[in-house]
Amino acid sequence: MHDFIVKLSHKIDSSVRYQKIKSFFRSLLEDVNYPYKKYFDAFMIGLIVISISILILSKSEKVPEWLVEFDLYFVTGIFALEYLLRLWISHDIHKYIVSTSSEESGSARYWAVVKSKLRYMISLPALIDLIAIFPKFRIIRLLKLYHYMHGASSLFNALLKKRFEFVFLGYMLLGVTFTFGSIFYLLEFGVNEALGSYLDALYWALVTISTVGYGDISPVTELGKIVSMFGIIFGIAMISFVTSVMVSAFSTRFGELRNQDSINSVNKMQNVVIINGYGHLGTTIAKKLKIHRNYEPVIIESDEEKSKIALEDGYQVIHADGSSAKLIKTLYERGNIAAMLTLRSSDINNIYFILNAKSIQADSVVYARMNQVELRPQYEATKVDGLVEPYDVVDTKAFNYLKKHSEEEKKSIFFFGYTHKSSHICKMLKEVGIEVTVYEIDNENYERAKRDGFTNVILIDKKSSEAPDVKDGIAVCAMDEEAVNVYYSITLRANGFKSDIVALSDTKEDNRKLLLAGVSRIFDMYDESASQFVEMIEKKYEG
């Protein structure tokens, strides 16, 4: 017999037709993303509604005999068949027998198989399915909606994750109910006419603790009233505990359901560009893609506040960790992802995102923001399709602009600020023989400019209301604080400065103020970088 079972298991395991049939029913019954499941779920919900309606109508009026027989035979038969199918797909017994045919004794192997099936059969959903088969327990069929209403099942699963809290609450409720019920019984029995038995005392305790308070049994003694007050206080505390646990479970699950809905929407889009990170750069890129119209931006953001902002801006948002391999795999299932952009301020997070995407989809197109130029070898090792270093993009464009105007118009260049925004540009200009004058309000930056070999470095008083006497040339505002850049721009104009004022910006909110202050040209780190990302995507698919 053992040899026959092993031989049969091998035959089933190698049967393509068997595997296809089982896979079909498993998808139909369990896979919420399977296209035909929604029709099956609607059919089963309809049967449940019909069955319960027949049960209710049979209590108040005469129901046609054929309708009763339809419920008794057809509906019951469908539910019985569904139970057997769920039992069948719960475990692949043949796979277990094949994999352990030469490792364990026959009795141990078969006992493991039986235990796996029994474990499923005694689970709550399986017990509901079994009981619901019998017409006498038709009302239980309402609980089968758990299988067919994905939202309800998701919330039920969320509550299951809090089972420790609910078990603790159950023990607490049981102990408090028996304690208060027993005290009430000892104090009120024989005195309170409404209290006829110990069960009545327990009933009173549960009604009081739950704060329902039907009023059919109430204390008549002074001590009984005191016990009732303590019972109510305990009840309020327990209700607060239950509420907090349920709110915590549901809020987490609602977020997951919202993400699933977003993923389903993404699956219906075309030419999707995934943006991992909705900071200033992500915001700018998303706006440009939206204007472009050829690509659909989708935001992945782990920060809740930024996710809300992205939603308010009208984008599809997935509130999750972008480096999740499961999420990336799900997004690539439909083959509609044109490119992925990872724009985190952490290079480690960006590199990890690229590795995940490339490991799941080898031909995936991934572009990244590189924050530290010395990490370029690490980025290139990930096979990233393109890199953008935001400050480098601005530096190159600003350098070309300043070099051209300085050479053509023979104008001097004055930098207000030797900061992270401007130091590299100053060095680039110096290398091509263009002298610059640096005005700095910070002692440390002043000394750094001196160490870098600049001779025309002037330290100005930050507290002074007077601006340097600059009459002709190109002024570049590159202070760390944008408010200071606005101040010097407007002061230069007020003092009669007629030439170009250039601003290097990395806080997009202040660009409008810079323009109002009289700035002629703004080199915005986010805008320039965003344009480069969009250009890379266009070249990839238009070339």
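**Figure 1. Cysteine 477 and cysteine 426, two buried residues.** Cysteine 477 is buried, with a relative accessible area of 1%. Here, buried means under 20% relative accessible area, exposed means over 50%, and partly exposed lies in between (1.4 Å probe, protein chains only). Cysteine 426 is buried too, at 0%. This is a predicted model, in which local features need pLDDT of at least 70 and side-chain atom pairs count only at pLDDT 80 or more, while totals for chains, interfaces and linings use all residues. Residues are numbered from 1 along each chain as its sequence is written, and side-chain values use heavy atoms, with hydrogens and water left out. How many disulfides are there, if a disulfide is a pair of cysteine sulfur atoms within 2.5 Å? The count comes to zero. For cysteine 477, the closest cysteine sulfur is in cysteine 426 and lies 13 Å away, so it is too far for a bond.

Figure 2. Have a look at strand β11 (residues 501-505), where five of five residues are buried. Helices (H or I, at least four residues) and strands (E, at least two) are DSSP runs, numbered from the N terminus. Ile501, Ala503 and Ser505 point one way from β11, while Val502 and Leu504 point the other way. Strand β10 (residues 474-477) runs parallel to β11, and three bridges join them. Between β10 and β11 the chain passes through helix α21 (residues 482-494), giving a right-handed β-α-β crossover. Right-handed means that, with the strands pointing away from the viewer, the path from the first strand over the helix to the second runs clockwise. Two strands pair if DSSP finds at least two bridges between them.

**Figure 3. Strand β5, covered on both faces.** Which residues cover the two sides of strand β5 (residues 366-369)? Val366 and Ala368 are on one side, Tyr367 and Arg369 are on the other, and all are buried. Strand β4 (residues 337-342) pairs with β5 in the parallel sense over three bridges. Methionine 340 has valine 366 in β5 as its bridge partner. From β4 the chain goes through helix α16 (residues 347-360) to reach β5, in a right-handed β-α-β crossover. Strand β6 (residues 386-388) pairs with β5 as well, in the parallel sense and over three bridges. In that pairing, tyrosine 367 stands opposite glycine 386. Another right-handed β-α-β unit is made by β5, helix α17 (residues 376-381) and β6.

**Figure 4. Lysine 430 in helix α19.** Look for lysine 430 in helix α19 (residues 423-431). Methionine 269 is 161 residues from lysine 430 along the chain, and their C-alpha atoms are separated by 50 Å.

**Figure 5. The second largest pocket.** This pocket has a volume of about 240 Å³. Among its ten lining residues, the closest to its centre are Val32, Asn33, Tyr34, Pro35 and Lys38. On a 1 Å grid over the protein atoms alone, a pocket is an open set of points where a 1.4 Å probe fits, with protein on both sides within 12 Å along at least five of seven lines; lining residues have an atom within 4 Å of a point. The volume is the space filled by probe spheres set on the points. Helix α3 (residues 37-60) gives the largest share of the lining, four residues.

Key. Disulfide = S-S within 2.5 Å.
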